[in-house]
Structures are given as C-alpha cells and as structure tokens.
Amino acid sequence: MRILLCCMAGVTSTLFASKLKDAASRKIKDFTVWSASEHAVQHSIKLADVVLVTPQLKGSVDKIQALDPTKKVMLISEEDFVGFNAIKVFADIQKALAE
C-alpha cells in the first residue's frame, strides 16, 4: 500500500506521516507513506494508492481528486489530524479500500 499525505507546508504532516507509518507497520508489511505539498502532489499522485488530504487543504480535495479520478482521495478530519490519531486514519484507509 502506498499512502501519499498531501499537506500545506509539511511540518505537521511529516510528524503525522511518521505516526501513520507506525500504525501501518502494525497491520501490514508492504507499505510506503510520504508527504508532499499541494503543489507537488501532481507529481506523486500516480505512485499512490491512497491520497490523504490534511484539514488545511479541505477546499482542495476536489482539485486533488481531479488530478487522478481513479485514486482514492480522503480528507483527514481536523480531530484526527490535530490529535495525531493515525491508528484511526489507517483503519479508515483500510475500510475505504475494501469498499
């Protein structure tokens, strides 16, 4: 599983990506998590299975989805992002991919 975390600047999302890597490593062995700014996501989206969008970019979800309509693009809730609830976010990813 390849998870792209799309963020505004990268500071908080780098920390969240680290937590997400930890959560994923408990469930699966083959995964990659990386972050990219909103402006760089167009170069990385083709490599991802899932694109997570931070709450700061809530208004850009449709724009990001339009870059590749075949990708699953998910908005992280403000509560989950601020609380670094990576375990719940990873569970949400697994559920969304199973649908």
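Reader: What should the 13 residues of helix H5 (residues 86-98) span, at 1.5 Å a residue?

Author: They should span 18 Å. The end C-alpha atoms are 18 Å apart, so the two values agree. The expected span is 1.5 Å times one less than the number of residues. Helices here are DSSP runs of H or I with at least four residues, strands are runs of E with at least two, and both are numbered from the N terminus.

Reader: What kind of model is this, and how are residues numbered?

Author: It is a predicted model, where local features need pLDDT of at least 70, side-chain atom pairs count only at pLDDT 80 or more, and totals for chains, interfaces and linings use all residues. Residues are numbered from 1 along each chain as its sequence is written, and side-chain values use heavy atoms, with hydrogens and water left out.

Reader: Back to H5. Which of its residues are buried?

Author: Ala 86, Val 89, Phe 90, Ile 93 and Ala 96. They cover an arc of only 120° around the axis, so they sit on the same side of H5. The arc is taken from the directions that run from the helix axis to the C-beta atoms. Buried means under 20% relative accessible area, exposed means over 50%, and partly exposed is in between (1.4 Å probe, protein chains only).

Reader: Why do residues three or four places apart point the same way in an α-helix?

Author: An α-helix has 3.6 residues a turn, so such residues point the same way.

Reader: And which residues are exposed on the other side of H5?

Author: Ile 87, Lys 95 and Ala 98.

Reader: What does Ile 93 touch?

Author: Ile 93 touches Met 1, Ile 3, Val 50, Leu 52 and Met 74, leaving out residues up to four places away in sequence. Contact means heavy atoms within 4.5 Å.

Reader: How many residues are in the largest nonpolar core?

Author: It has 18 residues, and Leu 20, Leu 52 and Ile 93 have the most contacts inside it. Strand S1 (2-7), H1, strand S3 (50-53) and H5 each give two or more residues to this core. A second, separate core has 12 residues, including Cys 6, Ala 48, Val 53 and Leu 57. A nonpolar core is a set of buried Ala, Val, Leu, Ile, Met, Phe, Trp, Tyr and Cys residues, joined through side-chain atoms within 4.5 Å.

Reader: You named Cys 6. How many disulfides does a search of the whole structure find?

Author: It finds 0 disulfides. A disulfide is a pair of cysteine sulfur atoms within 2.5 Å.

Reader: Where is Ser 37, and what is it in contact with?

Author: Ser 37 is in strand S2 (residues 32-37). Setting aside neighbours within four places in sequence, Ser 37 is in contact with Cys 6, Cys 7 and Met 8. Ser 37 is partly exposed, with a relative accessible area of 24%.

Reader: New topic: rings. How many aromatic pairs are there?

Author: The count comes to 2 aromatic pairs. In one of them, the rings of Phe 16 and Phe 81 have centres 5.3 Å apart and planes at 40°, so the pair is tilted. Phe 16 is in helix H1 (residues 11-25) and Phe 81 is in helix H4 (residues 78-82), 65 residues apart, so this pair links distant parts of the chain. Rings of Phe, Tyr and Trp (its six-membered ring) pair if their centres lie within 6.5 Å; planes under 30 degrees apart count as stacked, over 60 as edge-to-face and the rest as tilted.

Reader: Buried or exposed, those two?

Author: Phe 16 is buried, at 0% relative accessibility. Phe 81 is buried too, at 4%.

Reader: Which residues form the aromatic cluster?

Author: Phe 16, Phe 81 and Phe 84. Phe 84 is in the loop between H4 and H5, and it is partly exposed, with a relative accessible area of 28%.

Reader: What is the phi of Phe 84?

Author: It is positive, about 50°, although Phe 84 is not a glycine. Most residues other than glycine have a negative phi.

Reader: Last one. Where does Pro 69 lie?

Author: In the loop between helix H3 (61-67) and strand S4 (72-75). Pro 69 is exposed, at 67% relative accessibility. Pro 69 and Gly 83 are 14 residues apart in sequence and 29 Å apart in space, C-alpha to C-alpha.
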